[in-house]
Amino acid sequence: MQGRLPGCQADPKAHVQGGGSRGRATTIRVMLGAVVGVITAALLASMVMLVTAAVADLGVASADAAKCRWAHRGPRHVSPSHARHAVVCQINKKRRKHGLKAVNTKYALRKAGRRHSTYMQRHSCFAHQCAGERDLVGRIYATSYLPCNCTWRVGETLAWGARGLGTPRAIVKAWMHSYAHRHVILDRRLRNVGIGLVWGSPSNPGARAATYTADFGLKQG
């Protein structure tokens, strides 16, 4: 089931999973333009179809105070690193507005997100798990972020958008208008993020569009 936004698409599922060295895993599914899964003391995942960007490794995602530089730049009219920076900046502006701490960027999460965005494009798929692919937890386990001897939580939002609907600002705005995606972005327990960005849409790599996978995480204890 899918919902549509003007000029872009948003996946309507929300799938969250959690896990870790403590607690028992439980899963919650929400059909709402995003995929999110939650598991006790540990994981969260969600997805939206619009444009997003990737983040850099280790370090606090800086928000250009009142405005985020490059946030209004469309696909292919900005470098991938600047687009990723703008997405993180926009996410942190929303979090601060709601009294939450900013998320820090992690290379391992960006790597997981980039691999997923690339996989979706190569297989013309827009979902948190495409055919023949690992699920969110499996994808993050394939990086250095997990496993860990700790309590953890992870989340994911997806999006793709063309032209003006593929700017970092438009992508984050669309996520914030979807309950499931908003739930992930404003999860106070999530402290890290990595954004995987590839130019093009899931069905057309050559399009003037952008496909984003934002992977969030928390490790503690």
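Buried means under 20% relative accessible area, exposed means over 50%, and partly exposed is anything in between (1.4 Å probe, protein chains only). Keep that in mind for the close-ups below. This is a predicted model, so local features need pLDDT of at least 70 and side-chain atom pairs count only at pLDDT 80 or more, while totals for chains, interfaces and linings use all residues. Residues are numbered from 1 along each chain as its sequence is written, and side-chain values use heavy atoms, with hydrogens and water left out.

**View 1. Helix H1 and its packing partners.**
H1 covers residues 80-97. (Helices are DSSP runs of H or I with at least four residues, strands are E runs of at least two, and both are numbered from the N terminus.) With 18 residues, H1 reaches 26 Å from its first C-alpha to its last, close to the expected 26 Å; the expected span is 1.5 Å times one less than the number of residues. Its buried residues include Ala83, Val87, Ile91 and Arg95. An α-helix has 3.6 residues a turn, so residues three or four places apart point the same way. The buried residues of H1 pack against several elements, among them helix H2 (107-122), helix H4 (168-176) and strand E10 (209-220); contact here means heavy atoms within 4.5 Å. Just past the end of H1, look for Gly99, with a positive phi of about 75°.

Asp187 sits in the loop between H5 and E9. Is Asp187 buried or exposed? It's buried, because its relative accessible area is 4%. Asp187 makes a salt bridge with Arg153, with the closest N and O atoms 2.8 Å apart. (A salt bridge is a side-chain nitrogen of Lys or Arg within 4 Å of a carboxyl oxygen of Asp or Glu.) This pair ties together distant parts of the chain, since Arg153 is in strand E8, 34 residues from Asp187. Arg153 is buried too, at 3%. Asp187 also has a salt bridge to Arg189, at 3.2 Å from N to O, and Arg189 is partly exposed at 44%.

**View 2. A salt-bridge network around Arg139.**
Glu133, Arg139 and Glu156 are joined in a network of salt bridges. Zoom in on Glu156 and Arg139, whose side chains meet at 2.8 Å, N to O. Glu156 belongs to strand E8 (residues 151-162) and Arg139 to helix H3 (residues 136-141), 17 residues apart. Glu156 counts as buried at 0%, and Arg139 is buried at 6%. Across the whole structure, a search finds 4 salt bridges.
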